[in-house]
Amino acid sequence: MADILNEEVKMSSMISASTTYQAAQSVAKTVEEHFLYHHESAKQHNVDDFAPRPSAEVIEAIIDTTFWASLRREEGHSPSVSLAFLPPERSGQPLIFEKRLNFSPAILTKLAPAVERSGIHLGIWIENGELYIWGTTRVIPNLCFVLEVIEPGMLVIKHRRIDGFGKFVNVAVLKGDQIKIVDDISGKIPDCPNLVTSLIGFNSSSLWNDSLNVMVQLAVSMRDHKRGGTLLVVPSGKETWRDSIIHPISYSVTPTYTELADLYKKHETEAEHPVWLNKITSAVNHVAGLTAVDGATIINDRFELLAFGVKIGRSGFSSRVDKIMVTEPIVGNVASVVHPVQNGGTRHLSAAQFVYDQRDSLALVASQDGRFTIFSWSPCDNIVQSHRVDALLF
C-alpha cells in the first residue's frame, strides 16, 4: 500500500481512446498536475495521511463515465452523486459491497438515489487497469480526488482540505463544453480578501492548519438556502457602519448575539468533537438563514450578530460608487473595470456602495440563481473589487 500512496495510480492507456467527453480529455492533465503539486507540498509539510494520486488517464476515465451518467434519469430523477477515488482500506468505516460493481453510467445512475445525501461518496478504485465501485464512505483522507455531479452535465472536481473543516477545495468546474480551472495564483494577490484565499484553498495557511473557517461555511450556507441575501462583515469595536444604514433598523439585536462567536473561540480545543461540529454547523446555518430576510445581515469580524433585515443607504460622508473591478479566480480570467449597474441588480449595487463607504468591511452577496459575489476594497487600486466566487462554492 505504501507504494500505491507514494506513486501515481495509473491505468491502461487504452482507456483514453474510449472516452468521448471532450472536456474530460482537455482537463485531465491539468488536474493531474494539481494533485502532483499538492501531494509534494504535503510531504514537505510532513503530512502523510493523504489519498493515492490518480493519473491523467484515471481522471479522464472517471470524468467521462460520470458525465454520461449525469445526463441519464432514473424514475424521472437526474442523478446527484459524489465519487471518491481511493481503496476501501483508506476510507473510514466503509460500506463494502460483497461483489464489486462495474464503473459504468448505467450502474452510477442506479446507485445515485442511495448516496445523494451530502457527505456520502461512492468509492472508486482500480485493479488490472479497470475501474470499479467497491461501496460507500463518509470519511476520506486528505487530498482525496472527488468528483461531484451538481446537475445534468455539470461536474465539480474537488478534494478535502488538509486537516481542515467543512468546505472542500474546488479544483475545476465542468459544464458541458465549458471548463473553469480555479486559479491558485489569484490567492497571492495582495488585495484578495482572506475569504477568497481560503475558498481557493491554495497558497494559504487555511490549506494546512485552519481547523475552521466560519466565513467559508457562512458563504456556503447562504448559497444553499437559494433565496438570495447579503451579509455585511464590519470591524468589531467600530460604529461607523451605521452611517451607511437607513434608520431605524427593523431587526437590531441587543445584546449582540454571540453563539457563533463563542463556539469559534473553542475551535482550537474542541474542533474534532462531534458535538461541537454539530453545534457550529447549526450556528452557522442560523446566521446564514437570516440573510434570506429582505435586507442585509450584519456581523462583526468576531462573528457576533448585530442586526438583520437592514436597508443599505449611501453614507452622508461619501459619494456614489461609479466603478468597480470585477474578477473571478479562474484561469484565463482578466479583471475588468465596469459601472456597478453592469455587475448585478439592486442587491449587488447596494453592497458595492457599502464597501465603498466602509472600506474596512466586506460584503457577501448570494443571488437566487446561485451566483455568489464578495465585495472588498482594494487600497492598491483604490477601487471596490467584486470577486465572483460561485465556482468555488459548489
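User: How close do the axes of helix 2 and helix 3 come, and at what angle do they cross?
Analyst: In this predicted model, the axes of helix 2 (residues 22–44) and helix 3 come within 8 Å and cross at roughly 135°. That makes the two helices oblique to each other.

User: Which hand does the crossing of helix 2 and helix 3 have, right or left?
Analyst: The crossing is right-handed.

User: Which residues of helix 2 and helix 3 meet there?
Analyst: From helix 2 you have Ala24, Gln25, Val27, Ala28, Lys29, Val31 and Glu32. They meet Ala56, Ile59, Glu60, Ile63 and Asp64 of helix 3. Sorted by class, this contact has seven nonpolar, one polar and four charged residues.

User: OK, new topic. How many residues are in the largest nonpolar core?
Analyst: That core has 48 residues. The ones with the most contacts inside it are Ile62, Ile63, Leu131, Phe145 and Ile157. Helix 3 (residues 56–70) gives the most to this core, with eight residues.

User: And what's in the second core?
Analyst: The second core is separate and has 33 residues, including Met222, Trp276, Ala288 and Phe372. As background, nonpolar side chains tend to be buried together in soluble globular proteins.

User: Is helix 6 mostly covered or mostly exposed?
Analyst: Mostly covered, with 10 of its 11 residues buried. Among the buried ones are Met215, Val216, Ala219, Val220 and Arg223. After helix 6 comes Lys226, which has a positive phi near 60°.

User: Which other residues have a positive phi without being a glycine?
Analyst: Glu75 and Leu143 are examples, each with a phi of about 55°. Glu75 is in the loop between helix 3 and strand 3 (82–85), while Leu143 is in the loop between strand 6 (130–137) and strand 7 (146–151).

User: Is Glu75 buried or exposed? And what about Leu143, buried or exposed?
Analyst: Glu75 is exposed, with a relative accessible area of 73%. Leu143 is buried, at 1%.

User: What does Lys311 touch?
Analyst: Leaving out residues up to four places away in sequence, Lys311 touches Ser244, Ile245, Ile246, Asp294 and Gly295. Lys311 and Ile245 are 66 residues apart in sequence, yet their C-alpha atoms are 5.9 Å apart in space. Lys311 lies in the loop between strand 14 (305–310) and strand 15 (324–327), and it counts as partly exposed at 38% relative accessibility.

User: And His348, where is that?
Analyst: His348 is in helix 10 (residues 346–357). It is buried, with a relative accessible area of 5%. Beyond its neighbours within four places in sequence, His348 is in contact with Asn343, Val365, Ser367, Arg371, Thr373 and Phe375.

User: Last one, the whole chain: how many helices and strands?
Analyst: The chain has 11 helices and 19 strands. Buried residues make up 56% of its 394 residues. If you take the contacts with a separation of 6 or more, 65% of them are between residues 24 or more positions apart.

Note on methods: Residues numbered from 1 in each chain as written. Predicted model: local features only at pLDDT ≥ 70, side-chain atom pairs only at ≥ 80, totals over all residues. Heavy atoms only, no water. Core = buried A, V, L, I, M, F, W, Y, C linked by side-chain atoms within 4.5 Å. Buried < 20%, exposed > 50% of the residue type's maximum accessible area, 1.4 Å probe, protein only. Helix = DSSP H or I, 4+ residues; strand = E, 2+ residues; numbered from the N terminus. Contact = heavy atoms within 4.5 Å. Axes fitted to C-alpha atoms, helices over the stretch in contact; angles between N-to-C directions. Parallel < 35°, antiparallel > 145°, perpendicular 65-115°, else oblique. Left-handed = near helix turned anticlockwise from the far one by under 90°. Nonpolar A, V, L, I, M, F, W, Y, C, P; charged D, E, K, R; others polar.
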